[in-house]
Amino acid sequence: MSGLPEGWEERTSRSTGQVYYLNQYTKQSQWDKPTTPANKPPTQVRASHLLVKHRESRRPSSWREENITRTKEEALNILQGYADKIKSKESTFEDLASKFSDCSSAKKGGDLGMFGPGQMQKPFEDATFALSVGEMSEPVFTDSGVHIILRTK
């Protein structure tokens, strides 16, 4: 195992007997011998989101709508329309989140501030930490509703 950059571990595949390398921080593996130290995962991230609630959301109401009756599929279709507008540069994430997000973070363009592990619902946290800074997620389903997430830090 000597000669490996910091944060990497040499392992042997049980199925093929080949040597592979494991990033001790992210648990991602690769066949090629690493030449640079493993990246440590961030302990905190910053993100904005656009939430569309539906009637199965844990609290089917928001600052925009007192009684939300749309289906999960309708919420997903609405959210996909917003994502398409952002991708085509027809509108910005911040503008759409300010106007249409069912979260009170809409007042801040969807900005949730800095947060770390264990502070958000697990699917949301996992999706956010998997994004690169500046990257937008595909739709993410949580007990709150359906989100698109923009990692900002």
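This is a predicted model: local features need pLDDT of at least 70, side-chain atom pairs count only at pLDDT 80 or more; totals for chains, interfaces and linings use all residues.
Local features were taken at pLDDT of at least 70 and side-chain atom pairs only at pLDDT 80 or more, whereas totals for chains, interfaces and linings use all residues. Residues are numbered from 1 along each chain as its sequence is written, and side-chain values use heavy atoms, with hydrogens and water left out.

Helices (H or I, at least four residues) and strands (E, at least two) are DSSP runs, numbered from the N terminus. Two strands are taken as paired if DSSP finds at least two bridges between them.

Strand E1 (residues 8–12) is joined to strand E2 (residues 19–23) by five bridges in the antiparallel sense. Within this pairing, Trp8 is opposite Asn23 of E2, and Glu9 has Leu22 of E2 as its bridge partner. The hairpin of E1 and E2 has six residues between the strands, and Gly17 in this hairpin adopts a positive phi near 80°. E2 and E3 run antiparallel and are joined by two bridges; Tyr21 is opposite Gln30 in E3. The hairpin of E2 and E3 has five residues between the strands, and there Lys27 has a positive phi near 65°. Residues are classed as buried under 20% relative accessible area, exposed over 50% and partly exposed in between (1.4 Å probe, protein chains only). By this criterion E2 is mostly covered, with four of its five residues buried.

In helix H3 (residues 122–130), the buried residues are Phe124, Glu125, Ala127 and Thr128. Viewed down the axis of H3, these residues fall within an arc of 170°, so they line one face of the helix; the arc is that of the directions from the helix axis to the C-beta atoms. The exposed residues Lys122 and Ala130 are carried by the face of H3 turned away from its buried side. Contact is defined as heavy atoms within 4.5 Å. The cover over the buried residues of H3 includes strand E4 (45–52), strand E5 (111–115), strand E6 (140–142) and strand E7 (145–151).

Grid points are joined across faces, edges and corners, and a volume is the space filled by probe spheres set on the points. The largest pocket has a volume of about 270 Å³. It is lined by 16 residues, of which Leu51, Arg58, Gln121, Ser144 and His147 are the closest to its centre. Its lining comprises five nonpolar, seven polar and four charged residues. Here Ala, Val, Leu, Ile, Met, Phe, Trp, Tyr, Cys and Pro count as nonpolar, Asp, Glu, Lys and Arg as charged, and the others, Gly among them, as polar. The second largest pocket, with a volume of about 180 Å³, is lined by Asn23, Thr26, Gln28, Asn39, Lys40 and Pro41. This lining divides into one nonpolar, four polar and one charged residue.

Thr71 is located in the loop between E4 and helix H1 (72–87) and is buried, with a relative accessible area of 17%. Leaving aside neighbours within four places in sequence, Thr71 is in contact with His54 and Arg55. Thr71 and Lys107 are 36 residues apart in sequence and 25 Å apart in space, C-alpha to C-alpha. His54 also lies in the loop between E4 and H1, and counts as buried at 3% relative accessibility. Not counting residues up to four places away in sequence, His54 touches Pro60, Ile68, Arg70, Thr71, Lys72, Ala75, Gly145 and Val146. Lys89, in the loop between H1 and helix H2 (93–100), is exposed, with a relative accessible area of 73%. Although Lys89 is not a glycine, its phi is positive, at about 65°.

How values were computed. On a 1 Å grid over the protein atoms alone, a cavity is a set of points where a 1.4 Å probe fits but cannot get out, and a pocket is an open set with protein on both sides within 12 Å along at least five of seven lines; lining residues have an atom within 4 Å of a point.
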